[in-house]
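Dear colleague,

Here is the structure we spoke of, with the sequence. My notes on it follow below.

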Amino acid sequence: MGIARAGEKGLVAVGGHVEVGYVGEMAKSLLYRKKKGAVLSSADEGRTWDVFDAGNPAGTRLYGVHFFDGKSGWVVGEKGFAAKTTDGGKTWTKVVTGTKERLNAVQMIEKEAVYLVGESGVALGTHDNGKTMITFRTDTRKDLKDLSFVNERTGFVVGTSGTVLKFIR
C-alpha cells in the first residue's frame, strides 16, 4: 500500500506530526510505541495503520513528513536526519543534509524541490531531490518549527519567539 493523499481519505504521521487529517487514539498509541522511527500510513481515515521503517538510526526521532503524491515523500528528524521514498514509504533512502541540528519540518514543492527547517535557524533545500543540499541564510538562531508554501515561489517559515520568515524561490 502507498501513502494515501488528501481526497483519498488517507493520513500519514511521524512523531506527533500528521500530514493529512487527524491522528486518532489508535494512531497515538502506535506513535508512542514506534516513535523512534516509524512512519504511519492509513488509507481508511485512521481505523487501521501500516507502519514503515524510515531507516533512521536507533534513538533518532522523526518530526516532520511530507508527501508530494502517493509515492514521493520525505521525513526529517533529530541529528539532521532526512530520508526520501519513491514507493509510498516501503523503502527509504537516507539524504545527506550537512547538519547535525534537529530538523522539524519538510515540504516538497515539486518532486525535485524540497525544503527543510530546523533548530538554530537551519533552513535547507534541494532542487535535485536530495543529491545536493543548499543551506539558506536565515539571520536567526531561533528554532524553526514549520514551513508552508502558498504557491510554487512563496513560502513562510515559523519558529520560536514569534519568528516568521518569508521565503521566495
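Lys 145 has a relative accessible area of 33%, so it counts as partly exposed. Please keep in mind that this is a predicted model.

Lys 145 forms a salt bridge with Glu 119, and the closest N and O atoms of the pair are 3.4 Å apart. Lys 145 belongs to strand E13, while Glu 119 sits in the loop between E10 and strand E11 (123-126), so the pair ties together parts that are 26 residues apart in sequence. Glu 119 is buried, because its relative accessibility is 13% and the cut-off for buried is under 20%.

A search of the whole structure gives 3 salt bridges. Another one joins Arg 169 to Glu 110, with 3.7 Å between the closest N and O atoms. Here Arg 169 is in the segment after E15 and Glu 110 is in the loop between E9 and strand E10 (114-118), so parts that are 59 residues apart in sequence are tied together. Arg 169 is partly exposed, at 29% relative accessibility, and Glu 110 is partly exposed as well, at 31%.

The remaining pair is Arg 137 with Asp 139, where the closest N and O atoms are 2.6 Å apart. Arg 137 is exposed, with a relative accessible area of 74%. Asp 139 is also exposed, and its value is 62%.

Now the sheet. Strand E13, which holds Lys 145, is part of an open sheet of 3 strands in the order E13-E14-E15, with antiparallel pairing. E13 (144-149) and E15 (164-168) are the edge strands; each has a single partner strand, so one side of each is left without a neighbour in the sheet. From one strand to the next the twist averages 20 degrees. In general, strands of a sheet pair through backbone hydrogen bonds, either parallel or antiparallel. E13 and strand E14 (residues 154-159) run antiparallel and are joined by 5 bridges. Within this pairing, Leu 144 stands opposite Gly 159 in E14.

The C-alpha atoms of Val 96 and Met 133 are 7.7 Å apart in space, and the two residues are 37 apart in sequence.

Regards

Definitions and conventions
Residues are numbered from 1 along each chain as its sequence is written. This is a predicted model: local features need pLDDT of at least 70, side-chain atom pairs count only at pLDDT 80 or more; totals for chains, interfaces and linings use all residues. Side-chain values use heavy atoms; hydrogens and water are left out. Two strands pair if DSSP finds at least two bridges between them. Helices (H or I, at least four residues) and strands (E, at least two) are DSSP runs, numbered from the N terminus. Axes are lines fitted to C-alpha atoms, for helices over the stretch in contact, and angles run from 0 to 180 degrees between N-to-C directions. A salt bridge is a side-chain nitrogen of Lys or Arg within 4 Å of a carboxyl oxygen of Asp or Glu. Buried means under 20% relative accessible area, exposed over 50%, partly exposed in between (1.4 Å probe, protein chains only).
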